[in-house]
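Here are my notes on the model you sent over. Have the structure open while you read, and go through the points in order.

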Amino acid sequence: MAEYRKYSIKKNRFHRSFLSGMKIEGEDSLHCEESVYRRLFITEAIDGIEDNAQWGRLHMDWELEEDMVVTVSVAATNSRYVWLEEEQYYFDEVLHDEETAPELKRNFMEYIGAKKAVNQKDILLYDLEGRYLYIMVEVLGLGKGKLSHIYVDNQGDLFMDTFPEVYRDHGSFFHRYLSVFSSLYMDFQEKIDHITEILDIDTAPAELLPTFGRWMGLDISGDFMKEERLRLLVKEAYQLNRMKGTKAALKRVSEIILGEEVIILEKNVMRSETQADTQELYEDLYGDGTYDVTMLVHTYVPENQKSQLMFLLNQFKPVRSRLKVRFLEPKGDLDSHTYMDMNAFVQEAEQGMLDERQGMDGRILLQE
């Protein structure tokens, strides 16, 4: 039997392939453009080293919306060109030509004997023989989608050699039956070989990040943060736990979540700096408790996320303190949270618009 070889189709091969309606993201993923109905991905020739090379299994993962369909065509040949009507056609030129219609590419794959499968993540290629392997993936339907972890090998199973030679009939029913268990075994083995990536915050699946947070005493459930900010928060959880209950901890957590620098005002510090005649005003703005803390935020946060933000910040606030978060309007009013160098303005009448988060505060004019 030929030496086992596995061909991973990742970023480098993506750049040398034909892509239509798809974009490369990350090391091994293709994202579908939402507004495009038909997307096409055609690999360059995968070299099996020798003529009449046998192929094993093609595998890919995908995340697609319900109505989307994936069609995979795979062909193997010993030559990279064909003669038609006394004219020579190179496979790569025909399949990667921007001006050739998808229907012609599909017909060309059928002409060279392509094997076709619909909505299958694992495809056995035992009936294909040839040095060069061509793969065409077509995704139909509007919506979001992603293809990832695409690879092909030249063996397909690992158990066939353990049986007597009389059973070793390539492509037989028994061979295909064993391939089911071989596929399960190889997939588990690959996960075991890359177990360190699961424990690495930079490469771990996003669904494991809340678990890592709980290991460090941090509850980040709720799915209200983007993945990159969630990874950064978990990565800094150890240092943040050491600073828990301090102004620096609240400030850093807010910067990670909101992506901006916030301002934190402590009432016990401000009281010593204020005069008696302005004490009542300061209590209205910043609370009447000794340990009240006010956080000023510029970023607009949707209503459904404000409570989740407060839930996370309360895990880091000082004991016995009361934390209030003020989301500053871009144009504030006097005697409210208005600061000359932040959101103060000269009031003037303006026209109001729906869905622009404008309040009926006396500055809005309704016109016919």
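**Notes on the predicted model**

1. A patch here takes residues with over 30% relative accessible area and no salt bridge, joining like charges within 9 Å and nonpolar side chains (Val, Leu, Ile, Met, Phe, Trp, Tyr) within 5 Å. Glutamate 65 sits in the loop between strand E7 (57-64) and strand E8 (69-77), and at a relative accessible area of 39% it is partly exposed.

2. Some housekeeping. This is a predicted model, where local features need pLDDT of at least 70 and side-chain atom pairs count only at pLDDT 80 or more, while totals for chains, interfaces and linings use all residues. Residues are numbered from 1 along each chain as its sequence is written, and side-chain values use heavy atoms, with hydrogens and water left out.

3. Now the overall picture. The protein chain has 12 helices and 19 strands, taken as DSSP runs numbered from the N terminus (helices H or I, at least four residues; strands E, at least two). Of its 368 residues, 39% are buried, where buried means under 20% relative accessible area, exposed over 50%, and partly exposed in between (1.4 Å probe, protein chains only). The accessible surface is about 22100 Å², with 50% of that belonging to carbon and sulfur atoms; the areas come from the Shrake-Rupley method with a 1.4 Å probe, and for residues only the protein chains shown count as cover. Among contacts (heavy atoms within 4.5 Å) with a separation of 6 or more, 68% are between residues 24 or more positions apart.

4. On to salt bridges, meaning a side-chain nitrogen of Lys or Arg within 4 Å of a carboxyl oxygen of Asp or Glu. The whole structure has 17 of them. In one, lysine 235 and aspartate 202 meet at 2.6 Å, N to O. Lysine 235 is in helix H7 and aspartate 202 in the loop between helix H5 (195-198) and H6, so this pair ties together parts 33 residues apart in sequence. Lysine 235 is partly exposed at 45% relative accessibility, and aspartate 202 is partly exposed at 47%.

5. Helix H7 also holds a local pair: glutamate 227 and arginine 231 both lie there, four residues apart, about one turn of the helix. Their closest N and O atoms are 2.7 Å apart in a salt bridge. Arginine 231 is buried at 13% relative accessibility, whereas glutamate 227 is partly exposed at 41%.

6. Which residue forms a salt bridge with aspartate 292? The partner is arginine 322, with the closest N and O atoms 2.9 Å apart. Aspartate 292 belongs to strand E16 (residues 292-297) and arginine 322 to strand E17 (residues 322-327), so the bridge ties together parts 30 residues apart in sequence. Aspartate 292 is buried, with a relative accessible area of 5%, while arginine 322 is partly exposed at 46%.

7. Have a look at the salt-bridge network linking Arg38, Glu103, Arg106 and Glu138. Arginine 106 is in helix H3 (residues 102-111) and is buried, at 18% relative accessible area. Setting aside neighbours within four places in sequence, arginine 106 contacts Arg38, Lys116, Met136 and Glu138.

8. There's a nonpolar patch on the surface too, formed by Phe173, Tyr177, Val180, Phe181, Leu184 and Phe188, with about 690 Å² of accessible area together. Leucine 184 is in helix H4 (residues 173-193) and is partly exposed at 48% relative accessibility.

9. Last, two backbone angles to check. Asparagine 119 is not a glycine, yet has a positive phi of about 55°; it lies in the loop between strand E11 (115-118) and strand E12 (122-124). Arginine 320 also has a positive phi, near 70°, and sits in the loop between helix H12 (303-313) and E17. Asparagine 119 is partly exposed at 41%, and arginine 320 is exposed at 65%.
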